[in-house]
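Please look at the structure before reading on.

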Amino acid sequence: MSLLYVDNLKVSYGGIEALKGISIRVEKGEIVTLIGANGAGKSTTLRAISGLVPLKEGTITYDGQVISGQTPQKIVSEGIGMVPEGRRVFPNLTVLENLKIGAYLRKDDLQPDLEHVYQLFPRLQERSWQLAGTLSGGEQQMLAVGRALMMRPKLLMMDEPSLGLAPKVIQDIFSIIQRLHEEGITILLVEQNANAALKIADSAYVLETGSLGMHGTGMELLGDERVKEAYLGKTTRT
Amino acid sequence: MWNTVFPYLLSGISVGGQYALIAIGYTMVYGILRLINFAHGDVFMVAGIIMIYISASGMPLYVCIPLVILFTALIGFLIERVAYKPLRSAPRMSVMISAIGVSYTLQNLVLYITGGLNKQYPTIPWISDSVTIGPATTKIVTVVTPFLTIFLVVALVLLINKTKIGMAMRAVSKDFETSQLMGININSVISTTFVIGSFLAGVGSILYFTNYNTVIQTSGAMPGLKAFVAAVFGGIGSIPGAVIGAFIIGIVENIIKGMDVILFKSGVIARPLGLATFSDAFTFALLIIILVVKPTGLFGEKATDKV
């Protein structure tokens, strides 16, 4: 049984169909990536799974339960964490408060989780009393990931975590994704940086203006000529 | 000179405290919903009316006062649920018009119940007693108000900065969507904001009407507007800003009320000029000046999103 199964998902925004019936499977322990151009519906897919946008059709099943139609709070509490596009840390809260608010629904001791996040991102510990709005883009991204981890998600969805970051920071983010994967967290990654995403993905889907295109393992798509041409840039110069 | 100014200063501080308790409701609701809650002044007035009718039922004051505050908080909660929540994703202008509608509904309702007559506010013992401080003779409520205001403001600031619900309020005021992703129920956070704002307006109404003695359906309009100006003056969205703005407006307004006497006694003018008439106009002149010179107010943040 898949951890997450999105079946025939349709979403419209004011009459325009952003998703035209897509189906995705995420198996437990995998890194699954959605790649595609701007406006293909990648973010909409994640937003629909997390309950932020209403579905027009389709069902989303997580861990054997139908979660489509539930509130975002309910979906978070089931163990689906989200690192939203553009990081969206709370600029008026301190780093520590941002982490604590990530565990808003939890009532137990947060200390072990804080230590875990600080171990992954030592910079956050150094800056724990700083307002999140004063962090650099890379640090904010780390905070957004750390914040999502505080809820102890089983499935972590990440929306364009490399967007607008320096190449060195992007490398760090991707190595963190792999580390989380090794810790057993299932990851659904949306990326425009298709090259980096496909390299680490067990399974990958290509989205094209609201419909599903190719599907395969990360390596299969990485080697595919059409994917190369459309999303990876032509690197096959001889 | 001091002897002449002091009584006006004292009542200015007191009125300022009462404005502050109303202004916080405006500024908090704006902070979270970007909505000017035009009904807030009327909630304040309704709190006065509730006091009159509850105390007329013969219940002792120590029961009446908590009940008034409780009902006022409940009214704030209900207004949000009925008139604003259904418009959560509507344009901001719609919500504002809904707020104006609530304002008139409350006024008309009170007009219907009272028949448009001035209602006598009950005399609350002790705080209605007279007290003499130096050259000023006033009611004890005048002296109590600023202290109670400061106490409540400190408690509120602690709530917002130190508690989980306060943290959620700060988060929701920045980003509804991400707050939901954290598992925060934004509707209950917004309700809490209205409950706190109305609670403070309820406390403010007890202090204010003890001073002014009568309540009529339009009694909320002027203090409501003054408190709104105070909130804008301090930087709407900022609680310390609203409080400081309210004290400044209260003090200056009362000094202007006493300007004739002060100038006359100090020999600057030979006969009264009737300057007190302009004390209200002053408040709004101040609003215009702020909006021109510093649109974000004393402590307002730089506008990231505007209507």
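Among contacts in chain A between residues at least 6 apart in sequence, 66% join residues at least 24 apart. The model is a predicted one. Chain A contains ten helices and ten strands. Its radius of gyration is 17 Å, close to the 18 Å that the globule rule gives for 238 residues, so chain A is as compact as a globular protein of that length. Along the principal axes, the C-alpha atoms of chain A fill a box of roughly 50 × 45 × 35 Å. Of the 238 residues in chain A, 45% are buried.

The largest nonpolar core has 145 residues. Ala23(B), Ala230(B), Ala242(B) and Ala246(B) have the most contacts inside this core. Helix 1 (residues 2–33) of chain B gives the core its largest share, 13 residues. Leaving out residues up to four places away in sequence, Ala23(B) touches Ala227(B), Ala230(B), Ala231(B), Ala242(B), Gly245(B) and Ala246(B).

How many residues does each chain give to the contact? Chain A gives 19 residues and chain B gives 14 residues. On the side of chain A that touches chain B, the elements that give two or more residues are helix 2 (72–77) and helix 3 (95–102) of chain A. The table sorts this side of chain A by class.

| Class, side of chain A that touches chain B | Number |
|---|---|
| Nonpolar | eleven residues |
| Polar | five residues |

Note on methods. Residues numbered from 1 in each chain as written. Chains lettered and ligands numbered in written order. Predicted model: local features only at pLDDT ≥ 70, side-chain atom pairs only at ≥ 80, totals over all residues. Contact = placed C-beta atoms within 7 Å. Helix = DSSP H or I, 4+ residues; strand = E, 2+ residues; numbered from the N terminus. Nonpolar A, V, L, I, M, F, W, Y, C, P; charged D, E, K, R; others polar. Rg over C-alpha atoms; globule rule 2.2 N^0.38 Å. Buried ≥ 20, exposed ≤ 12 C-beta atoms within 10 Å, placed from the backbone. Core = buried A, V, L, I, M, F, W, Y, C linked by C-beta atoms within 7 Å.
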